[in-house]
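Open the model in your viewer and keep the selection tool ready. We will go stop by stop.

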Amino acid sequence: MSSRNSRMIPNSFRKRQRVPQHHISAMRISSTAAIMETFADKTMSESSQKLRRTSSSSTTATSTNPNTTTSSFNDPSTADVILRLFMEQSPFDSASPSDSADQSDIQIYLHSHVINRSKYFAALLSDRWQHEKITDRNNNAAEDSRNDDNFSLIHLNLGVLDNPNSITIHLTVFQLLYTNDFATVIDSASTALEILPVALEILFEDCIKSCVKFLEAVPWSEEEEQRVLSLIPFLHEEESKELLARVSLGKDDSCEEMLHGLILEAIHSHPNMAFVKAFVAKLLRDFSSRESARRVLEREFEKSLKIVKESLEEYSSPDFRGDHNETEAIQRLNLHTAMTNGRHLLWLVERMIELRVADSAVKEWSEQAAFTADLQRAFRDDAWRNFVPGLPAVVLRCTCKLANAVATGTIIAARQFQVRMKLVKDWLPVLNVCKDNVSPMLPSHKTLYLELEETFLRIISTLPMSDAQVLLRQCLSFSTRNVEDCPHLVTAFNTWFRRATQPPQLENLD
């Protein structure tokens, strides 16, 4: 809620209680916001005359008393209450007294039977307070020569906080006491949010209900939403229920549940998958809680990886007890399942690396000795070529993304789990099998293989000399007919030999 509107609610403002009028707190009645007294009718102030002149139409209310005529807002000829609206200067404000002088003090003529619609004014005009008025009047009757009509006028004071629109908004609410034309006046969320604090202040229940009903039905801007939230504590539970339902699910894990549903929709269900994936990726980047995004992505990563592993395991170890055609159909289904979920894995890996939350994914990928063995068996077979020719590239792209993140330091692989060493040890044979068995080699595949070779060699350079010695031997397949075409391999071996020929440094560690 903006500062301009937040000041409209007085400091003594409390959540209202819908109880009989004579039980309403006398504390609010005796506060500086309203002082009830009786005295002779005076000439209307210049500002109140201006108010009458600028009124575009007569606002009327019909009394529930059959002996009373129709009442009009600000009509001195029939009014029995004079209400003085005045600006209360905040102790923290340094504005001069002349500021807003034309609207800082206004008198309006009201009717007690009309303003009784407000529980606050109903309490002021209750029998108890009327009794005090009559007692004071009788005590001063001998000294007062005023006539009976003027003598019966009730004078009330109501202070409003010194805001540019405070007087105008209060006048609007007082006019609504005379009519039920809420639908015309409350025509926007901002108007409802200006009127509602005043309606709450004077306990004008019909107006409160109309404001809340309107706010329930229309969209809010971000600023208006904050103003709604600031007013909810002053509403009854049944009034605030629908407003709260719009901004709160009441569950701690609601954001993660929503994110997970969006990811599932993006990778599984939506027909326009590419655009939806791009949009969900943006939502993940912009989401405020990195840990929540991590948990959601890890959850789906583990699920998709499990499906790919199970599909390749069934493909690599088929059950030949059934009919040949049936077995072939099952094998085809296993390969398609692995391919589909492999694409999901690649998208999830890209999102996790982008958000720098792929630590667990790298560790999991480095512990797949059985899975990589199944992949090698599958890729040595020719059957997959006819069904899912892109499967090797999808699997190696996942490996390349994760390995490159490790090599560049985007992901700090845990040393105690030997993640870097096992990542190369288990996935290097898969790369070699793909190079030997995937033909014809497309240009995109050649680029992928070369990138993964360079990445593996960079990771090997970070390992202890003994581990690097073992793994470099498996990298001889990176060599080409022309030695000059594999500089990355030459550099890797030169680095290892340079380190191996250096004198021991153990004596310098003391």
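Is Glu354 buried, exposed or partly exposed? Select Glu354: at 36% relative accessibility, this residue counts as partly exposed. Buried means under 20% relative accessible area, exposed over 50%, and partly exposed in between (1.4 Å probe, protein chains only).

A word on the source. This is a predicted model, where local features need pLDDT of at least 70, side-chain atom pairs count only at pLDDT 80 or more, and totals for chains, interfaces and linings use all residues. Residues are numbered from 1 along each chain as its sequence is written, and side-chain values use heavy atoms, with hydrogens and water left out.

A salt bridge is a side-chain nitrogen of Lys or Arg within 4 Å of a carboxyl oxygen of Asp or Glu. Helices are DSSP runs (H or I, at least four residues), numbered from the N terminus.

Together with Arg285 and Glu354, they are linked in a network of salt bridges. The structure holds 17 salt bridges.

Next, select Glu291 and Arg294. They form a salt bridge, with the closest N and O atoms 3.4 Å apart. They are three residues apart in helix 16 (residues 290-316), so about one helical turn separates them. Glu291 is partly exposed at 41%, whereas Arg294 is buried at 19%.

Last stop: Glu367 and Lys422. Their side chains meet in a salt bridge (3.8 Å, N to O).

Conventions. Helices (H or I, at least four residues) and strands (E, at least two) are DSSP runs, numbered from the N terminus.
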